[in-house]
Amino acid sequence: MNRLLRILVWTLIAFLGAAAFATIALRRSEPISALWIVTAAVCTYSIAYRFYSRFVAMRVLLLDPNRATPAERLDNGRDFVPTNKWVVFGHHFAAIAGPGPLVGPVLAAQFGYLPGVLWILVGSVFGGCVQDFVVLLFSVRRDGKSLTEMAREEISPLGGTVAFIAVITIIIILLGAIGLIVVNALKGSPWGTFTIAATIPIALLMGFYLRRIRPGKVIEASLMGFILVMLSIWGGQWISLSPYASWFSFSGITLCFALIVYGFAASALPVWLLLAPRDYLSTFVKLGTISVLALGILISRPTLHMPALTQFIDGTGPVFAGSIFPFALITIACGAISGFHSLISSGTTPKLVQRETETRIIGYGAMIAESFVAIMAVIAACVLDPGVYFAVNSPAGIVGASAAAATHTISSWGFAVSPAQMSDLARAVGEQSLFNRTGGAPAFALGMAHIFSRTIGGTALLGIWYHFAIMFEALFILTTLDAGTRVGRFMLQDGLGRIWKPLGRTSWYPSILFTSAVIVSLWGYFLYAGVRDPLGGINSVWPLFGIANQLLAIVALCVSTTILIKSGKTRYMAVTLVPLFVLVSITFTAAYHKVLNPNPRIGFLAHAHQIAASTVAGASRLAFNDRLDALITATLVALVFLVVAESARVWFQVLSGRRQPSLHESPFIPSQLASEEM
Amino acid sequence: MLKPTLITMLETTRNTTALLVCILREIFDENSYARFLARAGRPSSTEAYADFVHQEAHLRERRPRCC
């Protein structure tokens, strides 16, 4: 393509994107097609990848195709393996894509579709993609070292310690938050509970098949598992209409304890028996469903019924309290920027990259794909009638416990909904009720079922699609829950092993049982507290997770900025410093509000004070939960503030010439692999 | 004129499918198992897979799952 044609094509893409943005931002009084959002997103990603990531790659990071990567130098056929870039891309995307980008944008849709879409696009191309890309490259240049090790070497030992504490805290809060989403999606739902319960024997069967019948044929076993899960969805419908429905209809508290027992069992059982087959099954379902959802949106071209902005931008939202800044940005979390990704970018991925130049498509590109998943979640939430969206997502404590009270409250906000409409919808999807199903998962499932049923089967298949979506969310949330418990258990064993050696032995069963119990108790506490919370739990737990996750991103961006400054790239340090500054503003403001805001719906301490003075059952325990949440938030912020201060000290010393910059990169060794053009 | 185009299309389809299968095999650890067998010089069997799972368990269990 000649230069003139290239300029013309990119100018057209820019104009198309601008027109799409103008439509989604300015058309306020009538519903718009979801395709405008898809167009704005695709144009933004294309331009960002083509121009901005190229600038970062060529000017800031100076990617060198002739420099041997650890995968080439340390190739051992196990963890260090030079691998095709598209294969690593798929591997990396499968690892970073979790429930966060689905749930966060659905909850944030209470502000309207515009804030979510803008933050997902801007936050990802300037923040999340840059973080993933830069951390991946810096890890590749340091033999695949982890973020914690890089923080320790490049900033100070304090940086490493804080990163470690942040990681383990985030894992615990994340597991509690996502467990709560599953509980809210399955309580009083025999169809959903049966389908999810059936995945446990299916996973055990897959484990047996892989181990005894066809060793190593994972794709085959996953396909078989997928077919069985589909059958269990059909079986769930039969169960829900049969006299056995009561066997699978549980309260939130019962489901909470069932999850705690499951998490403990999955952490303590041999990995091949339950964890690995579930992991494979979940990845299979996840990749397939995300692709089908993207196709469904393109084919059905649904209309968004949610306004661009709602009145709840002032902080009075029923789904969660707090104004658009910072809470929309905190809630969306992983769809825009996620500190957790830096663990993957400095974990398995850097050990597979065969050329430095490929970190651009893997780090920056895979985060674009993740961001697009978040855009699909916004669309799924906003295709619902706003009245239905708020009826599903608002806790009973806000809108009222009865159908009449809830619909009256929601209609008074200007979002018409009636008890008959909600009961018809519940009947169509095979649920007893859809009121107060907080957490984001049921609303996302409804939106997804709406999109799928417009493509295949019409309203006759709405129930099947809804439960397929619930199964899809719950399956990979539970996979994150069991694998996360195990990772947390290992981290705890590593730490305790330094105090008393036998506790660090991962094959010593008393240690396995003890550390599994500790980790499960910690996230189980957040889950239990969330289930008991009269305001819906997710209100407090999800922002806490968002804050913890973004604090880890602050640590990752501090490490990145420090390395840039130490390597003499001061003129380009804004590439990581600006997102760092934005994240510090967002996260520290959110933390301040969550701890000290006088509104009891926002501030933990104000809520504790209010509830302690009330006659609510278990008031003292609820108040204790709030105070503990406040303490955790304040401690995390203080620790991350120390890392920022420590990093700023290093930057000042290097920039003022008081300290000789010393990088901990591995030495340059020329690559033996054929060089590839950037 | 049509024939070379058809051949190119078939080749592209074949390459794309092969790449897709390779991505799936890597994500689902089938490539990892194949590398294990090649390293150990063993044929695939129940015992070989059990050894592979035992060896990989340490890595797999510590792999973080993202949000």
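View 1. Skip the neighbours within four places in sequence, and Ala166(A) is in contact with Ala548(A), Leu551(A), Leu552(A), Val555(A), Leu636(A), Leu639(A) and Val640(A). Here "in contact" means that the C-beta atoms, placed from the backbone, lie within 7 Å. This is a predicted model, where local features need pLDDT of at least 70, side-chain atom pairs count only at pLDDT 80 or more, and totals for chains, interfaces and linings use all residues. Residues are numbered from 1 along each chain as its sequence is written, while chains are lettered from A and ligands numbered from 1 in the order in which they are written.

**View 2. Helix H4(A) against helix H15(A).** H4(A) and H15(A), residues 359-382, pack at about 45°, with their axes 9 Å apart (axes are lines fitted to C-alpha atoms over the stretch in contact, and angles run from 0 to 180 degrees between N-to-C directions). Among the residues making the contact are Phe89(A) and Phe93(A) of H4(A), plus Gly365(A) and Ala369(A) of H15(A).

**View 3. Where chain A meets chain B.** Chain A brings 46 residues to this contact and chain B brings 30. Helices H4 (85-96) and H21 (462-497) of chain A are among the elements giving two or more residues to chain A's side.

**View 4. Chain B by itself.** Chain B has 3 helices and 0 strands, so its pattern along the sequence reads α-α-α.

Definitions and conventions:
Contact = placed C-beta atoms within 7 Å. Helix = DSSP H or I, 4+ residues; strand = E, 2+ residues; numbered from the N terminus.
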